[in-house]
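Please study the sequence and the structure before reading the solutions.

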Amino acid sequence: MSGERRNMSVLFADIRNFTAISEQLNATELKELLNQYFTPVTKIIFEHEGTIDKYVGDMVMAFWNAPLTVEEHEQMAVLCALKMQMKVKALENRLSKDNMPSFEIGIGINSGEMNVGDMGSIYRRAYTVIGDSVNLASRLEGITKYYGVKILVSETTQSKCKDIAFRLIDKVKVKGKDKAVTIYEPIKLSVDLTEKEIKKLNLHKKALSSYLKQNWDESLEVFTTLMINHPEDKLYEIFCERITHLKTIQLGEDWDGSYKHVTK
């Protein structure tokens, strides 16, 4: 358990609006709600060869490829996240029967070099990971709500997941970072995509490609079509509003299409 630097994947998952949910419950009910959530998602993490790092309130943190080697740990982490979201959805009926509030979770995943080992003090230690790659995963979880998506992964993670279909979401500079990162939303296994989903992804790809080339009119037209056809998808409204604003200002030659997030 001595410290070492390894290429790993890390996952952060948080219950959305947990403070508001906790105010509806007494201490016993809140404990029961968290137990009903943590137990199945922990099982899913173990089934996907992940290591639980810690629980902090409503947050669960896990990582892959330490202490034991995990082949294709990037894909294992993403498949785990997809299964976790399915489990949370399945919990709705059970929680309703127990008069418990249902909830959603946001998940962020990143892969890269991390420091892992037995860390702490002479009084208490924990086997954990630290580093910039870990911080990025936490930031990605934090901005899932902004985009109206349930999972966000970095380009580093996405590039290693050959069996999973993704939707390119944005190019961002998260709080505290000056380097832009391309982020993606995992959809499902590529072989399971329907024709309708493929058509939607292709239209989205076309709209985003035009956006990055500053072809505002073409991009706005396609994003507007997507927004009309998929009003439940917050992302398209975001890009329509953003493009409408960008059309009115003069962008510098160094514009790289990235959006800077100033909050966690």
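**Exercise 1: the second largest pocket**

Task: describe the lining of the second largest pocket by class and by element.

Solution. By class, the lining of the second largest pocket comprises four nonpolar, five polar and four charged residues (Ala, Val, Leu, Ile, Met, Phe, Trp, Tyr, Cys and Pro count as nonpolar, Asp, Glu, Lys and Arg as charged, and the others, Gly among them, as polar). The model is predicted: local features need pLDDT of at least 70 and side-chain atom pairs count only at pLDDT 80 or more, while totals for chains, interfaces and linings use all residues. Residues are numbered from 1 along each chain as its sequence is written, and side-chain values use heavy atoms, with hydrogens and water left out.

Next, the position: 13 residues line this second largest pocket, and N110, L136, K179, A180 and V181 lie nearest its centre. A pocket is an open set of points on a 1 Å grid over the protein atoms alone, with protein on both sides within 12 Å along at least five of seven lines, and lining residues have an atom within 4 Å of a point.

Then, the elements: β4 (105–120), α4 (132–147) and α5 (155–158) each supply at least two lining residues. Helix α4 gives the most, with three residues. Helices (H or I, at least four residues) and strands (E, at least two) are DSSP runs, numbered from the N terminus.

Finally, the second largest pocket holds about 300 Å³ of space, a volume being the space filled by probe spheres set on grid points joined across faces, edges and corners.

**Exercise 2: the largest pocket**

Task: state the volume and the lining of the largest pocket.

Solution. The volume is about 630 Å³. Among the 19 lining residues, K150, E185, P186, I187 and K200 are the closest to the centre. Two or more residues come from each of α3 (73–97), β8 (181–189) and α6. The lining divides into seven nonpolar, three polar and nine charged residues.

**Exercise 3: the largest cavity**

Task: identify the residues that line the largest cavity.

Solution. A cavity is a set of grid points where a 1.4 Å probe fits but cannot get out. The search of the whole structure finds one cavity of 30 Å³ or more, and the largest cavity has a volume of about 40 Å³. Its lining consists of L168, D170, K171, L208, Y211, L212, F239 and G257.
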